[in-house]
Amino acid sequence: MSTIPSGARILASGDDAQLAARLVRRDADALSVLYDRYAGVVYSVLLRIVRDTAVAEDLAQETFLRVWNGIHQYDSERGSLAAFVLTVARNRGIDYLRSREHRLAGKSVAIPADDHPVLAVEGASALEQQQLVRRVRGALEALSPSHRTVIELAYFGGLSHSEMSEQLGQPLGTVKTWVRNALRVLREHLAEGGARRP
Amino acid sequence: MNCSDHRENLELYALKALPAAESGVIRGHLEEGCSSCGAELAAIEETLAAVAFAAPQREAPVTLRGRVLGSVRPSRVLPVRRSFPWKPLGWVAAAAAVTVLFIEEARVNRVRTEMQSLRTVVARQEAILDVLSGPETREVVFGEGASGRVLLHPRRGVLLLARNLPVPPAGRVYQMWIVPRSGAPRPAGLLAAEPPGRAAHFHPAELDLSQVAAVALSVEPPGGSAAPTTTPFLIVGL
């Protein structure tokens, strides 16, 4: 029996469990399916985070290898395979931003507050992904500017709680409340809008 | 601490935005097997993963598929011959094989280097394309004498397209500067040699456009300067 709260399977696909089981069996064709399904969004989110195409490609490769090697940690009762993959990808991107390698490259992690996260889809995308992008975009647009900003700074910029507080000139408690409320509203919008992958 | 204390920080924990000590406390609580906090964390991670779809969607590079799939396929195991029918020939064959391996390794290294430089070129072209076509780009046209355009993109950088530039004095070069509203001008690269009077110069940078006052060109010694050593002869105000 699942104890997952409402909205926890926003990105679930019907065959998540079967695909994961094939990956556990070391089925390279299953990795091919996984790659075709998520390579675009994995690369896109990494590029958005690190802003360097070569680094994003390297981290995307590492993401898929980590998923391949760590697939036994995935529990389809707990969440979607997409969330598992994208959490690995985002963590790799943020780890890179905070790494010595990145600091030596002299690249900034700060993102201007007016750099809006909900941008148009660029390049070719599958129809279902475009629909999902629109739903997420709609959910983000429903957030207040301060809520959008903290999600942007934390998710794509990798800023810590205290860094966000400093950059926004707001107390730690206020930033925490903004983050919590932003995610609660996002979750409600995505669950209501049926953002489940077609 | 009870579950409600941990719940207050679960979002920041999922975002990796907490200090290590606080993260460790929550991780310990989750590892103890708190199913309700675990389920709540899963829901938060699912919501955060959806945010990934708000990033501008790009197609993955064509080379990535091969890199990913190629790196997990089991390597081919060649059958091992127990012995050579004629041992001297076996040594010759082994030496030849080692030579081939060295040549192959050198070839792979060369291809890797070429791919890296190609990636750099492509990334630069993509950045310039974004500057030229991006909705966030700010464009300023300038004229009288030297004329042209300056295009600024908040995440990609500055592109200067100019014509009718005077020839720089012998032994001197042109250097571009990003002039902030407050503070010292920032070096933005030396202009590459172009046909007389023309320049197309791109400087990758992240910019807060509201804080950029102007883009300027000055005459500098070869190799450029950390700060302008001459009064800029071209200042394009924003």
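Buried residues (20 or more other C-beta atoms within 10 Å of their own, with C-beta atoms placed from the backbone; 12 or fewer is exposed, and in between is partly exposed) make up 48% of the 198 residues in chain A. The model is predicted: local features need pLDDT of at least 70 and side-chain atom pairs count only at pLDDT 80 or more, while totals for chains, interfaces and linings use all residues. Residues are numbered from 1 along each chain as its sequence is written, and chains are lettered from A and ligands numbered from 1 in the order in which they are written.

**View 1. Chain A has nine helices and zero strands.** Helices (H or I, at least four residues) and strands (E, at least two) are DSSP runs, numbered from the N terminus. The elements of chain A run α-α-α-α-α-α-α-α-α from the N terminus on. Taking contacts in chain A between residues at least 6 apart in sequence, 71% join residues at least 24 apart; two residues are in contact if their C-beta atoms, placed from the backbone, lie within 7 Å.

**View 2. Helix α3 (residues 53–70) of chain A packs against helix α4 (residues 81–97) of chain A.** The angle between the two is about 135° and their axes are 9 Å apart, which makes α3(A) oblique to α4(A). Axes are lines fitted to C-alpha atoms, for helices over the stretch in contact, and angles run from 0 to 180 degrees between N-to-C directions. Angles under 35 degrees count as roughly parallel, over 145 as roughly antiparallel, 65 to 115 as roughly perpendicular and the rest as oblique. The crossing of α3(A) and α4(A) is right-handed, a term for a near helix turned clockwise from the far one by less than a right angle, with anticlockwise being left-handed. From α3(A), Val55(A), Leu59(A), Glu62(A), Thr63(A), Arg66(A) and Val67(A) meet Val85(A), Val88(A), Ala89(A), Arg92(A), Gly93(A) and Tyr96(A) of α4(A). By class, this contact of α3(A) with α4(A) has seven nonpolar, two polar and three charged residues. Ala, Val, Leu, Ile, Met, Phe, Trp, Tyr, Cys and Pro count as nonpolar, Asp, Glu, Lys and Arg as charged, and the others, Gly among them, as polar.

**View 3. The contact between the chains takes 71 residues from chain A and 46 residues from chain B.** On the side of chain B that touches chain A, α2 (10–14), α4 (35–51), α5 (62–72) and α6 (87–133) of chain B each supply at least two residues. Of the elements of chain B, α4(B) gives the most to this side, with 13 residues. By class, the side of chain B that touches chain A has 26 nonpolar, five polar and 15 charged residues.

**View 4. Chain B has six helices and eight strands.** From the N terminus on, its elements run α-α-α-α-α-α-β-β-β-β-β-β-β-β. Of the 238 residues of chain B, 28% count as buried. For contacts in chain B between residues at least 6 apart in sequence, 54% join residues at least 24 apart.

**View 5. Strands β1 (residues 138–142) and β2 (residues 147–153) of chain B form an antiparallel pair over five bridges.** Two strands pair if DSSP finds at least two bridges between them. Glu139(B) has Leu151(B) in β2(B) as its bridge partner. The hairpin of β1(B) and β2(B) has four residues between the strands, and Glu144(B) takes a positive phi near 65° there.

**View 6. An open sheet of four strands in chain B has the order β5-β4-β7-β8, with antiparallel pairing.** β5 (186–190) and β8 of chain B stand at the edges, each with a single partner strand, so one side of each is left without a neighbour in the sheet. Neighbouring strands of this sheet are turned by 20° against each other on average, direction ignored. Strand β4 (residues 173–180) of chain B pairs with β5(B) over three bridges in the antiparallel sense, and Trp177(B) has Pro187(B) in β5(B) as its bridge partner.

**View 7. Strand β8 (residues 234–237) of chain B has side chains that alternate between two faces.** β8(B) pairs with strand β7 (residues 212–220) of chain B in the antiparallel sense over four bridges, and Val215(B) stands opposite Val236(B). Leu234(B) is buried because 22 other C-beta atoms lie within 10 Å. Leaving aside neighbours within four places in sequence, Leu234(B) is in contact with Ala146(B), Ala216(B) and Leu217(B). Leu234(B) and Ala214(B), 20 residues apart in sequence, are 9.9 Å apart in space, C-alpha to C-alpha.
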